Amino acid sequence: MRVVKLATCSLNQWAMDFQGNLERTKKSIKQAKDAGAVFRVGPELELSGYGCEDHFLEPDTLTHSWECLAEILASDLTDGIVCDIGLPVEQGGVRYNCRAYCLNGQILLIRPKLYLANDGNYRELRRFSAWKHLRQLVELQLPDSIKEVTGQTKVPFGDGYLSFEDTNVASETCEELFTPASPHIGLSLNGVEIIANGSGSHHQLQKLNTRLELMQSATSKGGGVYLYANQQGCDGGRLYYDGCACIVVNGDVVAQGSQFSLKDIEVIVASVDLDTVAGYRGAVSSLREQASQQPPIPFVNVSFRLSRPLDMLKNFPTLPIPIKYHTPQEEIALGPACWLWDYLRRSRASGFLLPLSGGADSSSVAAIVGCMCQLVVKAVEGDQQVCLDAVRIGNYQEKEVPKTAQELANRILHTVYMGTENSSEGTRSRADRLAKEIGASHLDIKVDVIVSAFLSLFKTITGKTLRYKVDGGTQTENLALQNIQARIRMVIAYMLASLLPWVRSKPGYLLVLGSANVDEGLRGYLTKYDCSSADINPIGGISKQDLRAFLRWGANNLGYPSLAEIEGAPPTAELEPIRANYTQIDEIDMGMTYEELSMYGRLRMIFRCGPVSMFQHLCHRWQGRLTPAEVATKVKDFFRFYSTNRHKMTTLTPSYHAENYSPEDNRFDLRQFLYNTRWPWQFRRIDQLVKSVEVKELSSSILVEKRNMEPTDAEVAAVHSTGFGVPAASSSNPQAGKGT
């Protein structure tokens with residue numbers, strides 16, 4: 001049996017943190033060696049960090065990456081173990097996203113990425129080129145930092161693989177797994193048995209299912225071993241890389257790491273019998289036939305064996321395991337919680353400030369921070385880095401560590417209910433109870449005096465007194481009065497974020513948390529520069545429907561029972577006066593439901609629908625529920641509001657990316673923010689379609705009515721049997737039959 005012990009890892013790298021990235025990479029190699037592995041693969045661009053963005057255009061970024069690799073090669077870390085390490089490389093004046101294979105202090109091969117990720121959140125073509133010379137190897141001139149350490153001047157570079165004495169090994173990089181004609185197909189048919197994939201794949205709700213299905217498909221069709229490594233954590237931007245390193249053999253998962261973890265380093269190891277790969281492939285006739293005619297891929301010979309003698313007790317092949325998937329509600333809790341922890345500790349802030357209104361959105365954010373505290377307390381005992389960060393951020397004294405999530409939350413989460421005369425006792429009470437359940441340090445304040453000061457100033461300037469619409473004011477007055485309250489809350493939030501640590505005799509400052517969901521951003525149902533404006537927003541990429549499901553889940557699973565009551569309350573901004581016959585309700589204010597907003601968002605972004613195609617799609621989807629004219633009105637209303645408020649996306653708080661219909665315009669949804677909000681061409685076309693449908697329906701109804709008026713065969717027979725026949729009208733006697 002050719003038994004090989006393989007290692008893959010998830011690393012919490014940080015863009016441009018070369019010192020930290022190098023240390024984590026080195027520790028992961030050491031852990032793999034200590035576990036007996038002879039091959040180790042790390043994440044995409046692990047030495048520089050994946051999220052360097054335009055820093056990849058700077059020569060320094062490449063130079064420092066080579067310097068980090070030189071330090072690894074100068075040590076004994078690669079002795080006896082093949083290391084697949086990700087870094088940016090320049091060849092022939094062109095920058096590439098590469099994998100460097102190293103063994104015994106030497107570079108064996110550098111393999112550039114063949115197919116780049118360049119949609120959604122990814123802009124790899126802005127910084128790198130794809131290697132277009134398929135099945136070709138050239139020579140790369142190494143920099144001085146590597147020459148001095150290895151004595152090598154040139155190494156093979158290009159689309160090839162490594163041929164060891166007992167097996168063949170190759171690479172894919174992230175996006176290549178997702179492409180229709182993935183490299184693993186040709187590699188498998190060329191006899192490559194081990195394929196490693198170093199990735200920088202971010203979390204999106206239920207995206208892990210797709211990844212694992214693709215890996216299982218790749219190895220069940222062509223046989224083989226697939227090692228998947230990934231970044232984990234927040235590396236400096238809106239994305240959270242969710243780890244979940246895994247090893248798949250012939251369609252079976254034999255090792256799977258955690259998807260959401262506070263660990264900086266997680267190494268997954270499995271022993272694999274390569275003879276099972278050969279047997280699997282040899283049993284499929286069509287695979288053999290395709291392999292026999294597959295164009296050859298160049299390779300580099302390596303005098304080294306990966307397999308070790310079989311030890312029935314220590315080195316037996318790892319058995320398949322059941323796959324672990326999280327529910328969407330668990331992902332909403334865990335992903336943003338881990339992202340917030342990384343952001344908090346790396347920003348050197350001392351906690352969070354959250355305007356807590358008692359509504360679904362801000363309560364979801366509070367619950368996610370509570371979940372973060374629970375994760376930290378669980379990790380404190382076994383993870384030294386988490387413990388050190390928790391002690392520093394929580395301002396614990398020497399030898400003190402957080403013992404409960406509530407205790408930690410009291411030190412790092414500050415919530416404030418900013419009520420006005422328009423606020424209800426229900427929301428105030430819910431905010432207070434949730435803060436107590438989480439353990440947050442909570443303030444309950446009234447801001448009416450500040451609102452009154454603004455209104456008095458306005459009256460002094462203009463002589464005008466503003467009135468709410470419910471009291472006879474205009475829509476302009478009504479909106480202005482609401483915006484004043486919202487913007488005042490933002491100013492108070494930032495004041496408290498700066499000064500509360502000082503008040504509590506603690507160092508540092510607080511990060512202000514936002515709580516606008518993805519649907520409200522899409523519709524523009526928020527005030528620009530209001531309390532939705534913050535430093536970061538953990539729910540800005542999550543829909544209202546998903547948040548409601550999360551609140552129901554959190555009430556039972558996070559230990560915050562008040563979330564159930566919060567979820568059941570009608571969403572309201574509480575910016576207008578409450579009267580006996582009037583209460584402000586979000587969905588009435590917006591003129592559309594959150595369910596409809598979610599549908600509009602998916603059609604606009606995922607299905608790439610403009611107004612006309614969205615109308616056509618919804619006519620089919622809502623057939624029997626709404627008439628075409630009613631659908632047209634809804635679609636027009638959505639696009640008017642969307643285009644009118646699109647400018648708000650330019651100042652939207654940086655948000656955790658979770659939905660692929662996010663309207664965030666800085667990285668993901670690249671559309672203009674100045675529109676012709678009348679959409680004259682599109683709306684006219686919709687009106688034409690509505691009219692054509694109505695004409696068809698009218699013609700159809702007339703035809704049906706005419707058919708209903710014609711006597712049936714039975715009725716004709718009955719008339720003839722009684723003798724009371726009615727003469728038919730003829731063209732020559734148009735009055736025939738009348739008066740009978």
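Hi everyone, let's start with two helices: the axes of α10 and helix α12 (residues 405-412) come within 8 Å and cross at roughly 120°. That makes α10 oblique to α12, because angles under 35 degrees count as roughly parallel, over 145 as roughly antiparallel, 65 to 115 as roughly perpendicular, and the rest as oblique. The axes are lines fitted to C-alpha atoms, for helices over the stretch in contact, with angles from 0 to 180 degrees between N-to-C directions. Helices here are DSSP runs (H or I, at least four residues), numbered from the N terminus.

A quick word on the source: this is a predicted model, where local features need pLDDT of at least 70 and side-chain atom pairs count only at pLDDT 80 or more, while totals for chains, interfaces and linings use all residues. Residues are numbered from 1 along each chain as its sequence is written, and side-chain values use heavy atoms, with hydrogens and water left out.

Back to our pair. The crossing of α10 with α12 is right-handed; that is, the near helix is turned clockwise from the far one by less than a right angle, and left-handed means anticlockwise. Who touches whom? On the α10 side we have Met372, Cys373, Gln374, Val376 and Val377, and they meet Ala405, Leu408, Ala409 and Ile412 of α12. Contact means heavy atoms within 4.5 Å. By class, that contact holds eight nonpolar residues, one polar and no charged. Ala, Val, Leu, Ile, Met, Phe, Trp, Tyr, Cys and Pro count as nonpolar, Asp, Glu, Lys and Arg as charged, and the others, Gly among them, as polar.

Now, α10 (residues 360-380) also packs with helix α11 (residues 384-393), at an angle of about 125° and with axes 8 Å apart. That makes α10 oblique to α11, and this crossing is left-handed. Val376, Ala379 and Val380 of α10 make the contact with Val386, Cys387 and Ala390 of α11. Those residues are six nonpolar, no polar and no charged.

Staying in α10, look at Leu375. Which residues does Leu375 contact, leaving aside neighbours within four places in sequence? They are Leu262, Leu334, Ala337 and Cys338.

Next, please find α1 (residues 18-34) and α2 (residues 59-74), whose axes come within 10 Å and cross at roughly 35°. α1 passes α2 in a right-handed crossing. Among the residues that meet are Phe18 and Lys26 in α1, and His64 and Glu71 in α2. This contact has five nonpolar, four polar and two charged residues.

Last stop: α15 (residues 475-503). Its 29 residues reach 41 Å from first C-alpha to last, close to the 42 Å expected at 1.5 Å a residue, where the expected span is 1.5 Å times one less than the number of residues. α15 bends by about 35° at Ala497, and Pro501 follows within four residues. The bend is the angle between axes fitted to the seven residues ending there and the seven starting there. Just after α15, Ser505 has a positive phi of about 55°.
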